Structures are given as structure tokens and as C-alpha cells.
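Let us take a walk through this model together, with the viewer open beside the text. We will begin at a charged side chain and work from there towards the sheet and the core.

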Amino acid sequence: MKRHVAAWALSIAAIAAVGGAAAMTVWPNATTGPGFLEGLTAAAAGDRIPVQLPQAIINTDGKGCNLPALDVSDMSKFNYKARWHASEWANAGSTIAWKYDHVQPSGGQIFLRLDADGAPQLQAVDGTAAQDDGLWEADVTLPELREGVIVAPLWIYDRDTKDEVDFEFAGRRGLDVSMHAWPGGQHRTTTIRLFAGSDFSHKRMCFGIRAKRAAGQVEMLINGAVVYTWDRSRMDFYISHPMRPFIEMWSVDPASPGMVTWAGRFQGFSAGEHMTMIVNGYRFTPASSAGPAAR
């Protein structure tokens, strides 16, 4: 899977407040999520115009979800008929390639390891049906977050259309939620930065993405609470195709100004140094039975 990064636009979209007292930053048209490499464009820090809006206050010290173990029993390298696959190819946004052996199941958990030799990307493939109506949930224990590293505990994507919705920790700067779509072949995206300045290192959390096809909404949930809602009626672009889930961790290319502006400068790993993210459980619930996310 490749990646795309574009310059941040100067226009600011009006987005409704969701209640509470903490702040979030809005980067409209900022391409920060995973996807195909459509162009790496340098972006100076001054290109961003942060907007502070009210944000829902939630408990971020949860104990994850009561979810079944993520089943990778049929996974093998380059077997795309399986339910899941661990990537084994170059990552265009990083100097460290995806490595199949950096995703390891053990004792009902999945361990994703990032080090100087490889990065982990776990993606649902042909054995997992793409969906556009329902709730994806992942119970994840985060690593020690660091500058220049993207930790994506859950995101959904369609390889054909490049529709995409993301949760991503960009360095130690906060949690980004993003939506990407390509109406008329033109890339459109908005990124919202939540919990700016908060350190989520080593926290066990439940991440949920609930797509409501009929309502034209996608809700982003943490520990069962909605922290942001994408609403088609308030946007000039929107996703339109079924997607599959991904979980990954990667370092940004320090030679890319746009990447560094987004997530900070990656300083590399010393001998034996690594980061580990643990997937404790996963579930997709179809819309017909999708209620509030498990706490």
C-alpha cells in the first residue's frame, strides 16, 4: 500500500461543534492518511491555519472492548484469498518497508512491531467482505508514541476508488481523524486533530468507525463515545464505496517536508530499539445489529 501527501489548503470549512471543553484543530483538504501515492508536496508549517472548536470530553483511560480475537489463522504471505494479509513491500511515504514478519499473532493477540528493519501493516483482503454500513471496532494497546511515527490503530479503505476514513496518531501531536474521497477523479480530504498535546502512549483503547449509509454519516468512536461525525449534508465531498479495515504503524520519511510538518521528524531507531502495538480484539457488526460500541 502506498501513501499520498499533499499541501495544506488555506481555506477553512465550517464544522459544527460537538460539545465539551477541550480543543481540536481542523486542517481542511490536508492529505494525511494512508492511500495511493498521488504526489508528495512540501508543506511549510505556515500553510496550516488551525481552528479551535469545542470537542466532546471522553474517558481515554478505558480498558479496551470485549471483542473476539482477530482471526489471522488463514494468513500467509501474498495469499489475498485469506481474511487478512500482512504487507511485504516498499512504503512510498517512509524509508522503512512493510515487512510481513513484523505482524505476529501470539496468544490471541496480534503484535505489530516497528523497527529499523521493517514496519507492520495488517490489511483485510479478499476473504473479508468490503462494507459501507456497520461498525468496525478494534481493541488496541498503543506503543510509546514518538515524533515522526504514524500509529494507525484502525482505518478503512477501498483500493479501487481510494475512499478512506482514518484514525491516526501523528507523532506525539494528537489523534487525527480524516476522510478522503475522489469525486470526478480529484482528491478531496479533511483532517481533524483531536486531543492536541495529549500523550496516549501505552493506553489500551477501543477505536470504532460506524458507517451509516442511509443517514450519510460516519461516526468516529473512542471507548464507545462519538468524538467526531462526518456528515454528508455538511460536506462538499463524501465517501461512496464499501471499504475494508487496516491497522498499521510506520515512520515518515525525514526528507519529506510535508510529512515532517504533519508528524514531526523521525530520528531513527538505535540498535535493538523498536515500537510495538498490540491488537487485543477486532469485530465488524453489520448495521442491522450495530448498536453502541462495546466498552
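Arg-83 has a relative accessibility of 29%, so it counts as partly exposed (buried means under 20% relative accessible area, exposed over 50%, and partly exposed in between, with a 1.4 Å probe and protein chains only). Before going further, a word on conventions: this is a predicted model, in which local features need pLDDT of at least 70 and side-chain atom pairs count only at pLDDT 80 or more, while totals for chains, interfaces and linings use all residues. Residues are numbered from 1 along each chain as its sequence is written, and side-chain values use heavy atoms, with hydrogens and water left out.

Which residue forms a salt bridge with Arg-83? The partner is Asp-71, and the closest N and O atoms are 2.8 Å apart; a salt bridge here is a side-chain nitrogen of Lys or Arg within 4 Å of a carboxyl oxygen of Asp or Glu. The two residues are 12 residues apart, and both sit in the loop between strand 2 (52-55) and strand 3 (84-86). (Helices, as H or I runs of at least four residues, and strands, as E runs of at least two, are taken from DSSP and numbered from the N terminus.) Asp-71 is also partly exposed, at 38% relative accessibility. Asp-74 joins in as well: Asp-71, Asp-74 and Arg-83 are linked in a network of salt bridges. Side chains of opposite charge can pair when their charged atoms come close. A search of the whole structure finds 18 salt bridges.

Another of these pairs joins Arg-172 and Glu-144, with the closest N and O atoms 3.3 Å apart. It links distant parts of the chain, 28 residues apart: Arg-172 is in the loop between strand 9 (164-170) and strand 10 (175-181), and Glu-144 is in the loop between strand 7 (134-141) and strand 8. Arg-172 has a relative accessible area of 34% and is partly exposed, and Glu-144, with 38%, is partly exposed too.

Both residues of that pair are touched by Ser-201, whose contacts are Pro-143, Glu-144, Leu-145 and Arg-172, not counting residues up to four places away in sequence (contact means heavy atoms within 4.5 Å). Ser-201 is found in the loop between strand 11 (188-194) and strand 12 (204-212). Is Ser-201 buried or exposed? With a relative accessible area of 13%, Ser-201 is buried. Its side chain makes a polar contact with the side chain of Asp-199 at 2.7 Å; such a contact is a pair of N or O atoms within 3.5 Å, where within protein one must be able to donate a hydrogen and the other to accept it, and residues adjacent in sequence count only if both atoms are side-chain atoms. A polar atom of the Ser-201 side chain also lies 2.9 Å from the backbone nitrogen of Leu-145.

The loop between strand 11 and strand 12 also holds His-202, which has a positive phi of about 70° although it is not a glycine. His-202 is exposed, with a relative accessible area of 52%. Lys-162 likewise has a positive phi of about 70° without being a glycine, and its place is in the loop between strand 8 and strand 9. Lys-162 is buried, at a relative accessible area of 16%. Most residues other than glycine have a negative phi, and most peptide bonds are trans.

An open sheet is formed by 7 strands in the order 4-5-16-7-12-13-14, with antiparallel pairing (two strands pair if DSSP finds at least two bridges between them). Strand 4 and strand 14 (225-231) stand at the edges with a single partner strand each, so one side of each is left without a neighbour in the sheet. Strand 4 (residues 103-106) pairs with strand 5 (residues 109-115) over 4 bridges, and Val-103 has Leu-112 as its bridge partner in strand 5. The hairpin of these strands has 2 residues between them, and Gly-107 takes a positive phi near 60° there.

Finally, the core. What size is the largest nonpolar core? It has 64 residues, and those with the most contacts inside it are Val-165, Phe-207, Val-218, Met-220 and Trp-230; a nonpolar core is a set of buried Ala, Val, Leu, Ile, Met, Phe, Trp, Tyr and Cys residues joined through side-chain atoms within 4.5 Å. The largest share of this core, 5 residues, comes from strand 8 (residues 149-157).
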